[in-house]
Amino acid sequence: MQFHHHGYVSGDPRIQEAAGTGIDRPEELPDEMDVLIVGTGPAGMITAAQLSQFPDITTRIVERRPGRLAIGQADGIQARSVETFQAFGFAEQIIQEAYRITEMCFWKPDPADPSRIIRTARPVDDELGVSEFPHLIVNQARVLDYFGDVMRTSPTRMTPDYGWEFVSLEVDDAAQHPVAVTLARTAGPDEGALRVVRAKYVVGCDGARSRVREQIGCTLAGDQANHAWGVMDALAVTDFPDIRTKCAIQSEAGSILLIPREGGYLFRMYVDLGEVAADDHGAVRRTSLDQIIAQANAILHPYTLDVKDVAWHSVYEVGHRVTDRFDDVLPDDLGSRTPRVFITGDACHTHSAKAGQGMNVSMQDGFNLGWKLAHVLEGRSPAELLSTYSAERQVVAQNLIDFDKEWSALMAAKPEDLPSPSELEDFYVRTAEFPAGFMTEYTPSLITADSSHQALATGFPVGKRFRSAPVTRVCDGNPVHLGHHARADGRWRIYVFADAAAPAAGEPGPVPALAEWLTTSSSSPLAATPADADPDAWFDVKVIYQQPHSEVDLGAAVPAAFLPRVGPFELVDYEKVYAAAPADDIFDARGVSRDGAIVVVRPDQYVSAVLPLTATDELATFFAPLLAARPVSAGV
């Protein structure tokens, strides 16, 4: 990480200096704010963490509980989420405490004695190497803690406002703060008191029974629940040999999904409780813990499970539902108004827990929305940017529902009913990229260009997440991952992959010409950066040369566009110039043309455009509508 550019830092550099709304931040919930987030689940906390990086935006996040979550229901952390944690600065810490999934065991009835189970397959978890980050298991409460740390150490010094429950809202588009929200106090001496606060935008992250969703007229639609599962986080003594390995277990008595947990002893079991009758009326939810344990032992035969302690357990029915929109703009109003209220996570999509997608997809909802709200509120972008949230994430949610239906059906099926004995494990390996979080592909829109130049960088598909790769930092020869330098700071990234010509002082070429245009042209996106801000405050521009780092002359051959002067002392930032790593050339690894390419990446790490080095007109055209913002004083 980089620091000292504003003066010597003797303490923890992760604690940013308070600024803007973080200076003398009021402890009590104010009457007016820019953004009100309802709910401190994964979607709410990542949205708040992203907004906390913008000092001039007042964001508050309310939670009906009196304090932090102690025991989280979700625990699966896919590799895409760990990439996101890297952007927020805590990937290394959470990896250290988490359980890492490296393989998955499949157990089925023994053909010689179907009353017993045997191991039938043991595939590795990420056979294709879709990410440099691992697949983890860690308590959701700890994920929320890490996002809370990001908020507390941000310039805004944000913390959740506990003990407030959302009641209702009303929208008046003509008002400076259009959304009036009624809250009820759930803790403290004034418990039960009602209060009205006003916000420019409201984000409902309040779960499957979302009141925010109800207030904007959205309803969940989809399949009714028809299969029940008991789930428990347990400490036990067992002779089952794979208790510390993720397992899918199918037996004559039913199925179990076994998830080892962090810490070396705890594990989670999803235990098949069977089909739910149409006239059940919720009776299955009263299944006792003892009944869940007994069913687990029946499925595990001939192995036994002696449960010593259960930290948490529940019973749930599998249902697959998604709303038709994720904001308050009705279909008849599309194009005539922009949204003021949004819903995220379980408020707009519900599914089974066994695919490990709930927390992961919810966090990507929040990451997608957070920077867009910030750009609109700061005046960087027009309010139309906010309409892309529902358009993008509703499609992702539907794809998740479709995937989870198939995975849940396979998990619940009896082995003899599957088309082939290896159907479950084949599906797990075949679809590995989807549950890892890497199948999301945004279609052309205001923030995603078409793929007409995709051949210039085939390994950076337009609309998909930017897949990092090793490079060498020129200034010090350090091997680093290119994508790991990109923080969740709201900046667009412009990666300039140089052509094959060796960089030389004063020599013409597409890279020097592009650099000159970026820093001098009025049509360059960098020209929109405020005059009193660092030149890279809105756009982070990096160059990657094909030559070894020792052949790149920082002092004479690298254009100033890639060596911006930052901070009050106008110090040179040397960490924007890279070279292809000798042992793992990024040009080969990501299919980048030796003629060079521009790769534009949005603040939430998805590729927005791939262009030729000479395509300055196309680059200007792409960013023009994103930078034609209304003044902040106009009431955005």
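Me: Which residues touch the most other members of the largest nonpolar core?

Reply: A nonpolar core is a set of buried Ala, Val, Leu, Ile, Met, Phe, Trp, Tyr and Cys residues joined through side-chain atoms within 4.5 Å. Buried means under 20% relative accessible area (1.4 Å probe, protein chains only). Here the largest core has 111 residues, and F147, F562 and V577 touch the most other members. Helix 7 (residues 358-378) gives the largest share, 9 residues. Helices are DSSP runs of H or I, at least four residues; strands are runs of E, at least two; both are numbered from the N terminus.

This is a predicted model: local features need pLDDT of at least 70, side-chain atom pairs need 80 or more, and totals for chains, interfaces and linings use all residues. Residues are numbered from 1 along each chain as its sequence is written, and side-chain values use heavy atoms, without hydrogens and water.

Me: How many aromatic pairs does the structure hold?

Reply: Rings of Phe, Tyr and Trp (its six-membered ring) pair if their centres lie within 6.5 Å; planes under 30 degrees apart are stacked, over 60 edge-to-face, the rest tilted. This structure holds 23 aromatic pairs. One of them is W107 with F240, tilted, at 4.8 Å centre to centre and 50° between the planes.

Me: Which parts does the pair of W107 and F240 tie together?

Reply: W107 lies in strand 5 (residues 104-110), and F240 in the loop between strand 13 (227-238) and strand 14 (246-251), so the pair ties together parts 133 residues apart in sequence. W107 is buried, at 2% relative accessible area. F240 is buried too, at 2%.

Me: Which rings form a cluster?

Reply: Ring pairs link F85, F88, F90, Y146, F147 and F367.

How values were computed
Buried means under 20% relative accessible area, exposed over 50%, partly exposed in between (1.4 Å probe, protein chains only).
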